Structures are given as C-alpha cells and as structure tokens.
Amino acid sequence: MTRIKRGYIARRRRTKIRLFASSFRGAHSRLTRTITQQKIRALASAYRDRGRQKRNFRQLWIARINAVIRSNKVDYSYSRFIHNLYKRQLLLNRKILAQIAILNRNCLYMISNEIIK
C-alpha cells in the first residue's frame, strides 16, 4: 500500500494563524499552540479595549470642556453647561465641543453666553 500524504487544510489554517502572530515575540510567533493562545488573548483584549477607548475619549472631552468653561466663569460648571445646552435644544456632541474648546475658545464662550441668556 502506498503512502498517502496529508491534505493542505490544516497547514493552511496554521499558516493563517502564523500570519496573525508574525509580529509577536519569541515562542508566541513560532509555536502553534502558543500562537493560538496569544491570538485568543489578543482578540479578547482588542474587544475589551474598544469599549475602554470610547470611555477614555469621552472622559477626555468632558475634562477639556470643563476646564475651558471653568476658566471663563467661576460659578459655571460643565454639568450646568450641558444642562443648558439640552434645555436650548442645541445638539452639539462632546467631541465637537472639545474641539471648539481647544481650537477656538472664544466661540465656546459665545455659545455659553448665548445659552445663559
């Protein structure tokens, strides 16, 4: 009976996994078992950190808006500013407000003065 060579499907699967882990260090890019473990870990971390990134950016935007608004008036805060925005039905999200706060403070001061009136 002649020898039958194995198929290519398992090899193709392993090379695909190896391509994913080609930038990892040491055994994490060479050994198949550790590559699969690191792939699972990397994908789990990526999924978790996508949510964290959104949270962190929102915190950053809030901090920037709050800093600029507090520098304008002593008794005015971020929460009052946002409350007044919603009361006036001005739909500006925090990302845009933070960009305005950094690039053009006078514009944000004008917005806050218009809201207060």
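**View 1. Q89 sits in the loop between helix 3 (78-87) and helix 4 (94-103).** The model is predicted: local features need pLDDT of at least 70, side-chain atom pairs count only at pLDDT 80 or more, and totals for chains, interfaces and linings use all residues. Residues are numbered from 1 along each chain as its sequence is written, and side-chain values use heavy atoms, without hydrogens and water. Q89 is not a glycine, yet its phi is positive, about 60°. Most residues other than glycine have a negative phi. Is Q89 buried or exposed? Its relative accessibility is 66%, so Q89 counts as exposed (over 50% relative accessible area; buried is under 20%, partly exposed in between; 1.4 Å probe, protein chains only).

**View 2. The chain holds 5 helices and 0 strands.** From the N terminus, the order is α-α-α-α-α. Helices are DSSP runs of H or I with at least four residues, strands are runs of E with at least two, and both are numbered from the N terminus. The radius of gyration is 26 Å, well over the 13 Å of the globule rule for 117 residues, so the chain is more spread out than a compact globule. That radius is taken over C-alpha atoms; the rule is 2.2 Å times the number of residues to the power 0.38. The C-alpha trace spans about 95 × 30 × 20 Å along its principal axes.

**View 3. Surface and contacts of the chain.** Of the 117 residues, 21% are buried. The chain exposes about 9700 Å², with 55% supplied by carbon and sulfur atoms (Shrake-Rupley method, 1.4 Å probe). Among contacts (heavy atoms within 4.5 Å) between residues at least 6 apart in sequence, 45% join residues at least 24 apart.
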